[in-house]
Amino acid sequence: MAKGTNKRAARGRGAARGRSPEPVTASVDGGLAELVPDRDRPRGWTLLLDGKPQSHVDLDDPAYLDFEYQRRFGHLADLVAPPGRPLHAVHLGGGAFTLARYIAATRPRSTQQIVEIDAPLVQFVRSALPLDPGDRIRVRGADARAGLAKVPDGWADLIVADVFSGARTPAHLTSVEFLAEVRRALRPDGWYAANLADGPPLAHLKAQIATARAVFTEVCLTADPALLRGRRFGNAVLLAADRDLPLADLTRRAAGDPYPARVEHGRALADFTGGAAPVTDATAAPSPAPPPAVFT
């Protein structure tokens, strides 16, 4: 999975306080996986694939979220249900299991499923960064869409799509048909959240918004204003549901992040899409590859 940049990734290559753990590596289906210790957090690690930052996790404080897009997912996990209420959550894409660990820490007794096609990556992460056996997190080795098909109707409070292959979202996870399957697996008041990567002219992002609007009644987008203006490549988090969204709370949280983001909704979001057509299985294509400069 290829993600937006981590503002602290360069610092994470230093030694942790006290003893200095060494980076660990493994060959996985997606390339060379590397876990780099975070010098500022004794049990903090950044996961990289082929040198590109993917996710960050702190085993001592799983409620700590470092990456911009992970913080945005964390806001959604906080707002999808009253504080402390356990969730049924499905994570399409594994990484370092960061968001699943966050939900387990902030909403004890939640039941979660992670679907990750890269079995060697799952084995590497589970070995180096073990999950707490009491956290009720099941990891399933499967393609995201195939794994989603096994989720019972109306089971999930939250489904998160964070799937990248070779730095691009696979085409079959971008269509109306895929989102219809997401909607089937959600509770009537459940939420769907997706990490979307794009850059100028933002054609992929606009088409994904149009696709979500074709399936769900409410859609909003959280992103860096510079990304929305087409000035850079980056990550945006899309949220879709069949109920009203807590826009005021989400906007306040996004604006208060270390790297503030804007929330677009309603007419402004419709204007942003500029008449883009929904994507179907017949027309689907992978998301664009990020330019090399994104990871330098």
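Predicted model: local features only at pLDDT ≥ 70, side-chain atom pairs only at ≥ 80, totals over all residues.
1. Residues are numbered from 1 along each chain as its sequence is written, and side-chain values use heavy atoms, with hydrogens and water left out.

2. How do aromatic rings pair up here? A search of the whole structure turns up four aromatic pairs (ring centres of Phe, Tyr or the six-membered ring of Trp within 6.5 Å; planes under 30 degrees apart are stacked, over 60 edge-to-face, the rest tilted). Phe67 and Tyr69 make an edge-to-face pair, with 6.1 Å between centres and 70 degrees between planes. Both Phe67 and Tyr69 are buried.

3. Back to our opening rings: the centres of Tyr192 and Phe216 are 6.4 Å apart and their planes are at 5 degrees, so this pair is stacked. Tyr192 is in strand β9 and Phe216 in the loop between α6 and β10, so the pair ties together parts 24 residues apart in sequence (helices, H or I, of at least four residues and strands, E, of at least two are DSSP runs, numbered from the N terminus).

4. Phe67 and Tyr69 also belong to a cluster with Phe73, linked by ring pairs.

5. Now a charge: Arg41 lies over the face of Tyr64, 3.4 Å from the ring centre (NZ of Lys or CZ of Arg within 6 Å of the centre and within 35 degrees of the ring normal). Lys206 does likewise with Phe272, at 5.5 Å.

Methods: Buried < 20%, exposed > 50% of the residue type's maximum accessible area, 1.4 Å probe, protein only.
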